[in-house]
Amino acid sequence: MSDRVFGLFGLLLAIRFAFASLAIEESFLSDVVGPKAFPLIIATILGLSSIGIALKPDASPSWPDLGRFVEIMAAVVVMVLYAELLPVIGFVFSTAFAATYLTWRLGSGAVASVVTGVGTSLGIYVVFHLLLGLSLARGPLGF
């Protein structure tokens, strides 16, 4: 039963995501595909996957214990905080903090997590902002 509930929740989320994608305003200078295409593709994949989960659920699903569930919820909180803090403290710092926490929770040591988080943040910044010229959220320090 829990897989069906999860599948229906995913389907509702996909529908909501598709409607939010359709509300994106397009500029007269946008390309042929436009800014709506990628979010609609993600909504379609999420919707089809959710339908598959709802129609063919696992016979005996196993749920994580309370400790693991708390860790999963903490990761969700970190990702929500990442989205909220991105325009406030900028891409580099928010990505470094999120990546550091998530790699630590995946089993890396504290030092390795910090190195991975900072390296991931700076690596993405260099590739996408400096090399490709894409705009990333700027923080109070200008990057």
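The model I am reading is a predicted one.

**Entry 1: Gly-7**

Is Gly-7 buried or exposed? I looked up its relative accessible area, which is 1%. Buried means under 20%, so Gly-7 is buried. Next I asked which residues Gly-7 touches, not counting residues up to four places away in sequence. I noted Ser-50, Ile-53 and Ala-54. I also checked the separation of Gly-7 and Val-70. They are 63 residues apart in sequence. In space, I read 21 Å from C-alpha to C-alpha.

**Entry 2: α1 and α2**

I then turned to the helix pair. Helix α1 covers residues 2–22, and helix α2 covers residues 37–55. How far apart are their axes? I noted 8 Å, with a packing angle of about 165°. Angles over 145 degrees count as roughly antiparallel, and α1 and α2 are therefore roughly antiparallel to each other. I sorted the residues of this contact by class. There are 17 nonpolar, 5 polar and 2 charged residues. I also looked up the handedness of the crossing of α1 and α2, and it is left-handed.

**Entry 3: Glu-25**

Where does Glu-25 lie? I found Glu-25 in the loop between α1 and α2. Its relative accessibility is 76%. The cut-off for exposed is over 50%, so Glu-25 counts as exposed. Glu-25 and Pro-35 are 10 residues apart in sequence. Their C-alpha atoms are 8.3 Å apart in space.

**Entry 4: α3 and α4**

Helix α3 spans residues 66–89, and helix α4 spans residues 91–105. I read that their axes come within 8 Å and cross at roughly 170°. That angle makes α3 roughly antiparallel to α4. Which residues make the contact? From α3 I listed several, including Ala-74, Val-78, Tyr-82 and Leu-86. From α4 I listed others, among them Phe-93, Phe-97, Tyr-101 and Arg-105. By class, I noted 14 nonpolar, 2 polar and 2 charged residues in this contact.

**Entry 5: α4 and α5**

I followed α4 to its contact with α5. Their axes come within 7 Å and cross at roughly 145°. The crossing is right-handed. On the α4 side I picked out residues including Val-92, Thr-95, Thr-103 and Trp-104. On the α5 side, Ser-113, Gly-117, Ser-121 and Tyr-125 are among them. How many charged residues does this contact have? I found no charged residues, with 11 nonpolar and 8 polar ones.

**Entry 6: Ser-113**

I looked up two serines from that contact. Ser-113 is in helix α5, which covers residues 110–131. Its relative accessible area is 1%, so Ser-113 is buried. What does the side chain of Ser-113 reach? I noted the backbone nitrogen of Trp-104, at 3.1 Å. Leaving aside neighbours within four places in sequence, I found Ser-113 in contact with Thr-100, Thr-103, Trp-104 and Ser-108.

**Entry 7: Ser-121**

Ser-121 also lies in helix α5. I read a relative accessible area of 1%, so Ser-121 is buried. A polar atom of the Ser-121 side chain lies 2.6 Å from the backbone oxygen of Val-92. Which residues are in contact with Ser-121, leaving aside its neighbours within four places in sequence? I wrote down Phe-91, Val-92, Thr-95 and Ala-96.

Terms used
Residues are numbered from 1 along each chain as its sequence is written. This is a predicted model: local features need pLDDT of at least 70, side-chain atom pairs count only at pLDDT 80 or more; totals for chains, interfaces and linings use all residues. Side-chain values use heavy atoms; hydrogens and water are left out. Axes are lines fitted to C-alpha atoms, for helices over the stretch in contact, and angles run from 0 to 180 degrees between N-to-C directions. Helices (H or I, at least four residues) and strands (E, at least two) are DSSP runs, numbered from the N terminus. Angles under 35 degrees count as roughly parallel, over 145 as roughly antiparallel, 65 to 115 as roughly perpendicular and the rest as oblique. A crossing is left-handed if the near helix is turned anticlockwise from the far one by less than a right angle, and right-handed if clockwise. Ala, Val, Leu, Ile, Met, Phe, Trp, Tyr, Cys and Pro count as nonpolar, Asp, Glu, Lys and Arg as charged, and the others, Gly among them, as polar. Buried means under 20% relative accessible area, exposed over 50%, partly exposed in between (1.4 Å probe, protein chains only). A polar contact is a pair of N or O atoms within 3.5 Å; within protein, one must be able to donate a hydrogen and the other to accept it, and residues adjacent in sequence count only if both atoms are side-chain atoms. Contact means heavy atoms within 4.5 Å.
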